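I opened a notebook page for a structure that was new to me. These entries keep to what I looked up.

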Amino acid sequence: CLEMDSPEIDSFKLWSEADAGKPRETPDKGYFKDVSEEVGIPHTYRETDPDGTLEELWIRVDDGNNQFLAARNEKAKVLLVVAGKHFGYANQDKNMFVSGVVSSKSEEGLMILMSASDKSLEG
């Protein structure tokens, strides 16, 4: 994940350390368990923090053909993830998550083929 608050971080070095099985300490820790069979959806994982106070369900929908980006700004409490044509944006302060699939680009801009958001925030 690209830390927008720390531009001096060498992301290649950090990924190399993680790939070598020696990731750096982070406050964001969790245990991942493959629950694909349990929920009936392929590539589904449950993350639980060590204290058991948080549980998240993660679904891999696209590997992006090795084209992906994750960027986080901790001060603004926002996260953007892009993999292939899929994207997700989260804003913690606004309790908002939006995701979608980009289908094409034209002079008018990007066409979003499918999107999902918090219905309570829609106007």
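The entries below go from the whole chain to single residues and pairs.

**Entry 1: ground rules.** I am reading a predicted model, in which local features need pLDDT of at least 70, side-chain atom pairs count only at pLDDT 80 or more, and totals for chains, interfaces and linings use all residues. I count residues from 1 along each chain as its sequence is written, and side-chain values use heavy atoms, with hydrogens and water left out.

**Entry 2: confidence.** I looked up pLDDT, the predictor's confidence in each residue, from 0 to 100. The mean for the protein is 75, and 76% of its residues reach 70 or more. Where is confidence lowest, and where is it highest? Strand 1 (residues 2–3) has the lowest mean, 50, while helix 2 has the highest, 92. I noted a caution: where pLDDT is low, the predicted coordinates should not be read in detail.

**Entry 3: layout.** I took helices (H or I, at least four residues) and strands (E, at least two) as DSSP runs, numbered from the N terminus. The protein has two helices and nine strands. Along the sequence their order is β-α-β-α-β-β-β-β-β-β-β.

Entry 4: Of the protein's 123 residues, 13% are buried. The accessible surface, by the Shrake-Rupley method with a 1.4 Å probe and, for residues, only the protein chains shown as cover, is about 10000 Å². Carbon and sulfur atoms hold 55% of that surface. For contacts, I required heavy atoms within 4.5 Å. Of the contacts between residues at least 6 apart in sequence, 15% join residues at least 24 apart.

**Entry 5: salt bridges.** I searched the whole structure for salt bridges (a side-chain nitrogen of Lys or Arg within 4 Å of a carboxyl oxygen of Asp or Glu). How many does the search find? It finds three. The background is that side chains of opposite charge can pair when their charged atoms come close.

Arg-46 bridges to Glu-38 at 3.3 Å, N to O. Arg-46 also bridges to Glu-55, again with 3.3 Å from N to O. I therefore wrote down Glu-38, Arg-46 and Glu-55 as a linked network of salt bridges. Glu-38 is exposed, at 54% relative accessible area, and Glu-55 is exposed at 54% as well.

The remaining entry in my list is Asp-93 with Lys-77, at 3.7 Å, N to O. Asp-93 sits in the loop between strand 7 (86–91) and strand 8 (96–106), and Lys-77 in the loop between strand 5 and strand 6, so the pair ties together parts that are 16 residues apart in sequence. Asp-93 is exposed, with a relative accessible area of 56%.

**Entry 6: positive phi.** Most residues other than glycine have a negative phi. I looked for exceptions and noted Lys-77, whose phi is near 60°. The loop that holds Lys-77 runs between strand 5 (68–73) and strand 6 (78–83). Is Lys-77 buried, partly exposed or exposed? Lys-77 is partly exposed, at 37% relative accessible area.

His-43 also has a positive phi, near 60°. His-43 lies in the loop between helix 2 (36–39) and strand 3 (44–48). With a relative accessible area of 42%, His-43 is partly exposed.

**Entry 7: an aromatic pair.** I searched for rings of Phe, Tyr and Trp (its six-membered ring) with centres within 6.5 Å; planes under 30 degrees apart count as stacked, over 60 as edge-to-face and the rest as tilted. The whole structure gives one aromatic pair. The ring centres of Phe-32 and Trp-58 are 6.5 Å apart and their planes are at 45°, so the pair is tilted. Phe-32 is in strand 2 (residues 31–34) and Trp-58 in strand 4, so distant parts of the chain, 26 residues apart, are linked. Trp-58 is partly exposed, at 43% relative accessible area.

**Entry 8: a nonpolar patch.** Patches take residues with over 30% relative accessible area and no salt bridge; like charges are joined within 9 Å, and nonpolar side chains (Val, Leu, Ile, Met, Phe, Trp, Tyr) within 5 Å. Val-39, Ile-41, Leu-57, Ile-59 and Val-61 make a nonpolar surface patch of about 410 Å². Ile-59 belongs to strand 4 (residues 55–59) and is partly exposed, at 41%.

How values were computed: Buried < 20%, exposed > 50% of the residue type's maximum accessible area, 1.4 Å probe, protein only.
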